[in-house]
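Student: Could you take me through one part of this structure slowly, with a close look at how its charged side chains pair up and what surrounds them? I would like one connected explanation that I can follow with the model open beside me.

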Amino acid sequence: MSQVPDELMAKADAFCQREGLRLTPTRRRVLELIVQSPGGAKAYDLLDRLALENSSARPPTVYRAIDFLLSNGLIHRIESLNAYVRCTCPEHVQAYQLLICEVCGYVQELHEDLIDQRLDAAAAKQGFSVEKKTIEVHGRCQDCQPDKHLREPAHV
């Protein structure tokens with residue numbers, strides 16, 4: 001179920017208050033811009049948008065805000081796209097997967113704990129200590145799939 005930007009921002013505000021985190025005006029605006037980009041946003045796109053509102057915005061400003069948001073689980077980095085996407089559930093920052101639509105760019109966050117647990121167990125079997133996990137699945141969202149009923153059956 002997709003959450004609207006206002007709900008995500010309210011959730012982020014509550015999380016920051018509960019955790020004693022300071023969501024400065026710049027951090028908040030960068031988070032708002034990311035939340036408004038359901039397919040993720042690149043750092044320089046964020047900088048361009050921020051600079052329209054504040055001519056003193058510079059790359060270090062945006063990167064510091066991104067670092068804060070990442071380290072506190074409010075956003076995720078889409079490694080394959082070098083972009084950032086909203087986190088729908090900061091409480092699950094270590095156990096999530098991203099479904100990325102190759103057509104429209106929409107990104108859906110999942111929390112399949114069994115996948116996370118099995119990956120940890122498989123790594124431990126190999127004597128591997130997991131420090132970071134990024135699971136990205138690329139495909140087509142429901143809205144971008146071709147109409148299946150319009151195709152002819154494969155076997156006639």
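Tutor: Let us begin with Arg 29, which forms a salt bridge with Glu 53, the closest N and O atoms being 2.6 Å apart. Because Arg 29 lies in helix H2 while Glu 53 lies in helix H3 (residues 43–53), this pair ties together parts that are 24 residues apart in sequence. Please keep in mind throughout that you are looking at a predicted model. Glu 53 is partly exposed, with a relative accessible area of 48%.

Arg 29 also meets the side chain of Glu 32 in a salt bridge, at 3.1 Å from N to O. Here both partners, Arg 29 and Glu 32, belong to helix H2, where they sit 3 residues apart, about one turn of the helix. As a general point, side chains of opposite charge can pair when their charged atoms come close. If you now widen the view, you will find that Asp 13, Arg 28, Arg 29, Glu 32 and Glu 53 are linked in a network of salt bridges.

Helix H1 (residues 5–19) and helix H2 (residues 25–35) pack at an angle of about 145°, and their axes are 10 Å apart; the crossing of H1 past H2 is right-handed. On the H1 side the contact is made by Pro 5, Leu 8, Met 9, Ala 12 and Asp 13, and on the H2 side by Arg 28, Leu 31, Glu 32 and Val 35.

The structure holds 8 salt bridges, and another of them joins Lys 133 to Asp 120, with the closest N and O atoms 2.8 Å apart. This pair links distant parts of the chain, since Lys 133 is in the loop between helix H5 (113–125) and strand S5 (136–139), whereas Asp 120 is in helix H5, 13 residues apart. Lys 133 is buried, with a relative accessible area of 17%, while Asp 120, at 31% relative accessibility, counts as partly exposed.

For a contrast, turn to Glu 109 in strand S4 (residues 107–110). Glu 109 is buried yet has no salt bridge, and the nearest side chain of opposite charge, that of Arg 86, is 6.2 Å away. What the side chain of Glu 109 does make is a polar contact with the side chain of His 76, at 3.3 Å, and another with the side chain of His 111, at 3.0 Å. Leaving aside residues up to four places away in sequence, Glu 109 touches His 76, Arg 86, Cys 87, Thr 88, Cys 89, Tyr 96, Gln 97 and Leu 98.

Buried residues make up 33% of the 156 residues in the protein chain. Among contacts between residues at least 6 apart in sequence, 46% join residues at least 24 apart.

Technical notes. Residues numbered from 1 in each chain as written. Predicted model: local features only at pLDDT ≥ 70, side-chain atom pairs only at ≥ 80, totals over all residues. Heavy atoms only, no water. Helix = DSSP H or I, 4+ residues; strand = E, 2+ residues; numbered from the N terminus. Buried < 20%, exposed > 50% of the residue type's maximum accessible area, 1.4 Å probe, protein only. Lys, Arg positive; Asp, Glu negative; His and termini not counted. Salt bridge = Lys/Arg side-chain N within 4 Å of Asp/Glu carboxyl O. Polar contact = N/O pair within 3.5 Å; in protein donor to acceptor, adjacent residues only side chain to side chain. Contact = heavy atoms within 4.5 Å. Axes fitted to C-alpha atoms, helices over the stretch in contact; angles between N-to-C directions. Left-handed = near helix turned anticlockwise from the far one by under 90°.
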